Amino acid sequence: MRIAALDICGEKAGLKRGQGLAEARAMLPGIEIIAADPAADKGLLTSLADWCDRYTPLVAMDGTNGLYLDITGCVHLHGSEQSLLADILFRLFRLGIEVRGAISSSAGLSWAMARYRPGHIAGPQDGEKVLAPLPLAALRLPLDTIETLARVGLKTAGDLIPLPRAPLARRFGPSVLLRLDQALGFEDEPLSPRLPVASLSAERRLASPIQDEDDILQLTLQLAKSLRQSLEEREEGGRLFELVLFRVDGKVFRIRAAMSAASKDPERIAALYRERLQAIHDDLDAGFGFEILRLCVLKTERYLATQEDFSGRSDQTRPLSAFADRVMARFGPDSLFALVLQESHVPERATSFSPVLDIAGLAVQQGLDRPKAADLPSVRPLRLFRRPERVDAIAAELPEGAPASFKWRKIIYQVTKAEGPERIAGEWWIDGEDALTRDYFRIEDVEGRRFWLFRDGLYGQTVAPPQWFLHGIFA
């Protein structure tokens, strides 16, 4: 067993990460040992990243023990860089978490300062002066590289800065110059935010935390109204929204709600979240209340204003899409399905059920995919069975005629009229080269009932005689 992490007391006692536990106990008999839990550490770091979203939406993970915050354009909301840093450290300290932080113009220099000169702020021109006295470990170099540099007398970052670059790279590898340039800001090191940045967002910081669901919905309505003007200027409507609730103890809730058609109506957005909050009522623990509410638009679509007709509605699909939004918000996106045409001549494969996530797109798709009457090979039954049912054909005309009667579900039906066959070949790319050909017949019995039968296979195509199936009923 080895040491994975240390607190300040352990570091002052001379213990090091990777050191054996027996040796550590010999140096410090009263040491307190806690088993490492990487999953819990990752969960804590993820929750801290969510908490830091109150300062900037650009939060990136730094391995397993750090966070990067890109605060460009966010400093003025907190007064100054010093006040922003002090606010982060103080709030986390009150939550029982000890952190170290620093601010600079590059990610590499901020990493070094947070660990070896915490609490300081370096301007764009102060990089070399701040970095020079720091040890080589501040450059994020591998341990073996640091030891090799130390053997030739190079112990601080300032020892590397004045040296010729070409011999340094040849002897110690290109990573030394790369890390040095990243710390000094000469080499770009872009951050990868852990969450997508919303195209639009509105936020409300509360002097007194709220807990009641009606208060949350009222503030959501106000935030949606503040977003409406921005959406109108862009001629866009929101399709995917996210309500972010910051609880006073640091817990962050993200509640997403999708719409089946783009909208910028605040009332509709608030109604959608009313359904979402009722659906997740038991999972939303308000605790001591929420202090910050933020409504984000994660996905938008083109939304052009249309003129109202005599009914007073500008969009005839709005009642349907509003109903779909409420149902899916309450019961999930897989609660509503619609039939969509597929590219197949086999009847049971010609349609499929698709989730109703896009009312407008579904209407357009159905309009484009709906075949013309002249293109239809034949009339289809009103009721199509999920699976064709086996029947016994009696006195079928050979080789391609309809039966004189058939037995289905222990009842014999006498055939008076028959129309067909309508031949549908098998799909060899799905069913294989041995797929049988079907001959469909529209049949009417003596009492006027109409059926849709098919013979699976042709006479002479297989050794066994073809079988008959009932696939649907017309009336």
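## Rings, charges and packed helices

The charged end of Lys-251 sits over the ring of Phe-253, at 5.7 Å from the ring centre. This arrangement comes from a predicted model. A second case involves Arg-438, whose charged end sits over the ring of Phe-454, 4.6 Å from the centre.

Rings also meet rings. A pair of aromatic rings is described by the distance of the centres and the angle of the planes. The model has 13 aromatic pairs. Two of them are set out here.

| Pair | Centre to centre | Angle between planes | Class |
|---|---|---|---|
| Trp-408 and Tyr-413 | 6.3 Å | 40° | tilted |
| Phe-441 and Trp-468 | 5.7 Å | 35° | tilted |

Phe-441 is buried, with a relative accessible area of 2%. Trp-468 is buried too, at 4%.

Now the other pair. Trp-408 has a relative accessible area of 7% and is buried. Tyr-413 is buried at 9%. Both residues are part of one aromatic cluster, together with Phe-385, Phe-406 and Phe-451.

Is Leu-458 buried or partly exposed? Leu-458 is partly exposed, because its relative accessible area is 21% and buried means under 20%. Leu-458 sits in the loop between β13 (450-456) and β14 (467-473). Leaving aside neighbours within four places in sequence, Leu-458 contacts Arg-423, Thr-437, Asp-439 and Pro-466. Asp-439 is 19 residues away in sequence, and the two C-alpha atoms are 8.1 Å apart.

Glu-291 is in strand β6 (residues 290-302). Residues up to four places away in sequence are not counted here, but Glu-291 touches several others, including Arg-54, Arg-91, Arg-204, Arg-205 and Arg-247.

Finally, two helices. Two packed helices are described by the angle between their axes and the distance between the axes. Helix α11 (residues 213-234) packs against helix α12 (residues 266-279) at an angle of about 150°, and the axes are 8 Å apart. Their crossing is right-handed. Among the residues making the contact are Ile-216, Leu-217 and Leu-221 of α11, and Ile-269, Ala-270 and Tyr-273 of α12. By class, this contact holds nine nonpolar, two polar and six charged residues.

Methods. Residues are numbered from 1 along each chain as its sequence is written. This is a predicted model: local features need pLDDT of at least 70, side-chain atom pairs count only at pLDDT 80 or more; totals for chains, interfaces and linings use all residues. Side-chain values use heavy atoms; hydrogens and water are left out. Helices (H or I, at least four residues) and strands (E, at least two) are DSSP runs, numbered from the N terminus. Contact means heavy atoms within 4.5 Å. Axes are lines fitted to C-alpha atoms, for helices over the stretch in contact, and angles run from 0 to 180 degrees between N-to-C directions. A crossing is left-handed if the near helix is turned anticlockwise from the far one by less than a right angle, and right-handed if clockwise. Ala, Val, Leu, Ile, Met, Phe, Trp, Tyr, Cys and Pro count as nonpolar, Asp, Glu, Lys and Arg as charged, and the others, Gly among them, as polar. Buried means under 20% relative accessible area, exposed over 50%, partly exposed in between (1.4 Å probe, protein chains only). Rings of Phe, Tyr and Trp (its six-membered ring) pair if their centres lie within 6.5 Å; planes under 30 degrees apart count as stacked, over 60 as edge-to-face and the rest as tilted. A charge sits over a ring if NZ of Lys or CZ of Arg is within 6 Å of the ring centre and within 35 degrees of the ring normal.
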